[in-house]
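Open the structure in your viewer and keep the selection tool at hand.

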Amino acid sequence: MEKRVLSGMQPSGPLHIGNLLGALENWIELQNDYRCFFFVADWHALSTNYEDTSRIKEFSRELVIDWLAAGIDPQRSTVFIQSHVPHHAVLYLLLSMIVPIPWLERNPTYKEKQEQLGERDLTTYGFLGYPVLQAADILLYKPDFVPVGKDQLPHLELTREVARRFNSLYGPVFPEPKEHLTQFPKVPGTDGRKMSKSYGNTINLSDSEPVVRQKLKTMVTDPARVKRTDRGNPDICPVYDFHKIFSSTEVQQRVNRECRTAEIGCIDCKKLVADAMVQRLTPIWEKRAVLAAQPHLVDTIVRDGANRASAVSGPTLEEAKAAMKL
Ligand code: SF4
């Protein structure tokens, strides 16, 4: 039997190039070796955004467009929206009966996010229980692997604990998924900090070429290089981090050399990186435009994806219910 991989993303805003270079390019690779299930976790978005749900639908559609434009192939991978497959909600309910509350309270993200999003009231049942929904999302597809970064390992461990508890109470239904560790490259935001929606420093896949060029123009550089004649240090310049990702070796070597001698100015250096980034993003933009102009195509893809996902999640749910004698 072919090996399965499952992963999801929350529709919490436009996808940025940090997401592209981290998770998404990894997903695109995984399609070559595994049967992949990729889902938009719209119910998870509710756990932190329940007060303003106005854009979840729009963000979900945009997310699918970004995935497809970047290279997720809906023929090979099952692409769906979580809320279109109600089995997730049913298994979430069943699992919630057996998960001890202290398991959820000790989840490191629970406290961290409450602190980070201090202006929102996250003392809700849904927010505390989101790892149970996550366990249901994963276990329904009995995946062999779940792609995770190192910081998400505790979440996957919790899913495994839930599977073990279920299996020991009712019989072996859920295999324990293994991690597929993903290396995330260092992607700086335009302010030099890590690129993140919450810092407002992102370059998005949906940005147009002029917007990308403008964002790069105002990007921070080596702070010690104030005047054109000052020598710079590419090792501490976030623009150079982008060169390492997007530019040819030749351009990287040139910038590395000429920045240190002040032969090249930051404006020209940024233009070089903008050209390289635009070149890389242009095929994605072109595909995005085609998809955005055909809403019915995206609707068909996610409807077909939900059917294919249900064909796997339905039998698993029935197995779980039977094991529970329901
Ligand atoms: S020349 Fe380029 S690498 Fe050097 S400080 Fe300016 S932007 Fe950074």
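What joins the side chains of Gln31 and Ser77? Select both residues: a polar contact of 2.8 Å links these side chains. Bear in mind that this is a predicted model.

**Stop one: Gln31.** Stay on Gln31. This residue sits in the loop between helix 1 (17–30) and strand 2 (35–40). Is Gln31 buried or exposed? Its relative accessible area is 4%, so Gln31 is buried. Now show what surrounds Gln31. Beyond its neighbours within four places in sequence, Gln31 is in contact with Cys36, Phe38, Gly71, Ile72, Asp73, Arg76 and Ser77. From C-alpha to C-alpha, Gln31 and Pro74 are 10.0 Å apart, while 43 residues separate them in sequence.

**Stop two: helix 2 and helix 8.** Select residues 42–49 for helix 2 and residues 130–139 for helix 8. Their axes lie 11 Å apart, and the packing angle is about 175°. Angles over 145 degrees count as roughly antiparallel, so helix 2 and helix 8 are roughly antiparallel to each other. Show the side chains at the contact. Helix 2 brings Trp43, His44 and Ser47; helix 8 brings Tyr130, Leu133, Gln134 and Asp137. Three of these contact residues are nonpolar, three are polar and one is charged.

**Stop three: Asp230.** Move to the loop between helix 10 (209–217) and helix 11 (238–246), where Asp230 is found. Its relative accessibility is 19%, and Asp230 counts as buried. A polar atom of the Asp230 side chain lies 2.7 Å from the backbone nitrogen of Lys227. Leaving out residues up to four places away in sequence, Asp230 touches Ala224, Arg225 and Ala262.

Note on methods: Residues numbered from 1 in each chain as written. Predicted model: local features only at pLDDT ≥ 70, side-chain atom pairs only at ≥ 80, totals over all residues. Heavy atoms only, no water. Helix = DSSP H or I, 4+ residues; strand = E, 2+ residues; numbered from the N terminus. Buried < 20%, exposed > 50% of the residue type's maximum accessible area, 1.4 Å probe, protein only. Contact = heavy atoms within 4.5 Å. Polar contact = N/O pair within 3.5 Å; in protein donor to acceptor, adjacent residues only side chain to side chain. Axes fitted to C-alpha atoms, helices over the stretch in contact; angles between N-to-C directions. Parallel < 35°, antiparallel > 145°, perpendicular 65-115°, else oblique. Nonpolar A, V, L, I, M, F, W, Y, C, P; charged D, E, K, R; others polar.
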